[in-house]
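Reader: Hey, can you walk me through this model? I'd like the overall picture and then a few residues.

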Amino acid sequence: MATVAGSTNVAGAPPMTLATRLSYGIGAGANGIKNAAFTTYLMFYYNQVVGVPASVVSIAIALTLLVDAVVDPLIGRWSDTTRSRWGRRHPFIYGAAIPTAVLFAAVWFPPKDASDLTYGVWIFAFAALTRMALSAFEITTSAMNPELTSDYRERTRLFSLRYWFGYAGAFGFTAFSLAVFFAATPEYPRGQLNPAGYTSFALTGAAIITIAILICGIGTHNRIPYLRQAEVRTDRRSFATHLREMGQALHNRAFLAIFGFGVLKYTAIGLYSGCSLYFGTYLFKLSGAQLALLTFDSLIAATIAAPLAPVMSAWIGKRASSMFFAVGGVALGLSPLVLSYLGLFWVPGDAMLVPTLFVIGALYGAMVAISLINTSSMLADVVEDSAVKTGRHDAGVFFAASSFMQQCSSALGILATGAILTWSAFPQKPTPGGVTATMTDSLILHYVPMVITLWALGALVLLFYPITKVLHEANVDVLRAREAEARAREMDNAPLGAPVR
């Protein structure tokens, strides 16, 4: 049985400095780069540059969710039960830096002239290993959020920073890559089709991932004494006990609502990321420089969303803002495709095309980002709700499940991308001018209804989330009272003159 309960933030902990907050946020850039590379470029590279069938690529990536399903919960549980001089989270943060970078780079260097099966195995193996390594970082840093603060609104602010840097990593790196690595050449007027650019793309991405992870670890290292520590136990828990306790945590109603919403929304986001480069390249016929410019709308979106998300959560609540901005944002984001199909949008080459896409993209991205930020903050509130019911603070388990949900749903989005490309009879590695208007129309007809359905169903699932600000504050008060009672018992039972922890 447990002899000493893990303590909450130590009394007298100094306020977090701006440097600590920024370091915590910067770490999300690593996951942003991986997400941009895997959801936008991995399918495009192997399908349009290497020439692997979309079905092979999408299935290989989707199969990585089997690995995530096993590994992510184990990482979260391992982190929750780890005791070290660096606490529960930081050993995983530091340990993830180099392996993540090496494995990420390896994805983009497959053997030459291999069979489709060999390419599929290569994609699966190195994408799965990259996800595993990055999960060790992403799960543990996300789990730190409810340990850094119990304040309802402050948690949203911290996640706002993480999302801003996540977007900056994803779309800043994408814009830089399109402008530099995939710049147009006489041989490749659309530089994203140039095989040579992917070497610098992979190596630079790997280097930035390492730097972002280390900044996060070093910048938050000073908070280790004030983070919750794992319980001190005198017994050895069996694997079955770990599974039972994880299952008890994950049966929480609020968590299940977030998980259901997350599976649907991240599948839709993965589908968007997988198809966006196809629409930009073949529907709107944008150059690499124009695509690079359009990626900045996401950075502007994140800049708008970061300060607005806490305001919206305080004004109408986290759940309502998550639902409203998700559905409204997606409706706006799909409008260029629907209007193009109807012949009512700017045609390729029109001077108004890129500015219009930029404005719509910025507004759409800001609305979706507000939804994502608030649902992440909602998950942090689930930690206390579960602790009241189970007596355990399973932040690592919850954020591991969230990480699995995001990664497997992104993989499902790529699988859906492969299916849509196949259903649309979209060619792989087409000749110049080989993509017709009929093909792009077919792509739109398959894409738009699927995205609308995923987001609408997700918003309906979120209706079952029960935690309000009032309930969260009541949960925090209950836990503080329990911990005060536990400390009082320790003092009563301590020998005269013995130190009290």
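Author: We'll start with the whole chain and then go residue by residue.

Reader: Is this experimental or predicted?

Author: This is a predicted model.

Reader: OK. What does the secondary structure come to?

Author: The protein has 15 helices and 2 strands.

Reader: And how does the radius of gyration sit against a compact globule?

Author: A compact globule of 501 residues would have a radius of gyration near 23 Å, and the protein has 23 Å, so the two agree. The C-alpha trace spans about 85 × 45 × 40 Å along its principal axes.

Reader: How much of the protein counts as buried?

Author: Of the 501 residues, 55% count as buried. The exposed surface comes to about 20300 Å², and carbon and sulfur atoms supply 69% of that.

Reader: What does His 472 touch?

Author: Leaving out neighbours within four places in sequence, His 472 is in contact with Ser 150, Tyr 152, Arg 155, Asp 381, Glu 384 and Ile 467.

Reader: Nice. Which helix holds Ala 369, and what does it touch?

Author: Ala 369 lies in helix 12, residues 353-390. Not counting residues up to four places away in sequence, Ala 369 touches Tyr 167 and Ala 305. Ala 369 is buried, with a relative accessible area of 1%.

Reader: Switching to serines. Where's Ser 135, and which backbone oxygen does its side chain reach?

Author: Ser 135 sits in helix 5, residues 116-148. Its side chain reaches the backbone oxygen of Arg 131 at 2.8 Å. Ser 135 is buried, at a relative accessible area of 1%.

Reader: And Ser 79: buried or exposed?

Author: Ser 79 counts as buried, at 1% relative accessibility. You'll find Ser 79 in helix 3, residues 54-80. With residues up to four places away in sequence left out, Ser 79 touches Arg 88, Arg 89, Phe 92 and Thr 140.

Reader: What about Gly 25?

Author: Gly 25 is in helix 1, residues 18-26, and is buried with a relative accessible area of 0%. Setting aside residues up to four places away in sequence, Gly 25 touches Leu 161, Arg 162 and Phe 165.

Reader: How far is Gly 25 from Glu 187?

Author: Their C-alpha atoms are separated by 40 Å, and the two are 162 residues apart along the chain.

Reader: Let's do loops. What's the phi of Lys 285?

Author: Lys 285 has a positive phi of about 55°, although this residue is not a glycine. Most residues other than glycine have a negative phi. Lys 285 lies in the loop between helix 9 (253-283) and helix 10 (288-316), and is partly exposed at 45% relative accessible area.

Reader: And Ala 425, what phi does that one have?

Author: Ala 425 also has a positive phi of about 55° without being a glycine. Its place is in the loop between helix 13 (395-423) and helix 14 (437-461).

Reader: Why does Ala 425 count as exposed?

Author: Because its relative accessibility is 56%, and exposed means over 50%.

Reader: Last one: where is Ala 114?

Author: Ala 114 is in the loop between helix 4 (90-106) and helix 5. Ala 114 is partly exposed, with a relative accessible area of 22%. The C-alpha atoms of Ala 114 and Val 52 are separated by 9.9 Å, and the two residues are 62 apart along the chain.

Terms used
Residues numbered from 1 in each chain as written. Predicted model: local features only at pLDDT ≥ 70, side-chain atom pairs only at ≥ 80, totals over all residues. Heavy atoms only, no water. Helix = DSSP H or I, 4+ residues; strand = E, 2+ residues; numbered from the N terminus. Buried < 20%, exposed > 50% of the residue type's maximum accessible area, 1.4 Å probe, protein only. Polar contact = N/O pair within 3.5 Å; in protein donor to acceptor, adjacent residues only side chain to side chain. Rg over C-alpha atoms; globule rule 2.2 N^0.38 Å. Areas by Shrake-Rupley, 256 points an atom, 1.4 Å probe, with all protein chains shown as cover. Contact = heavy atoms within 4.5 Å.
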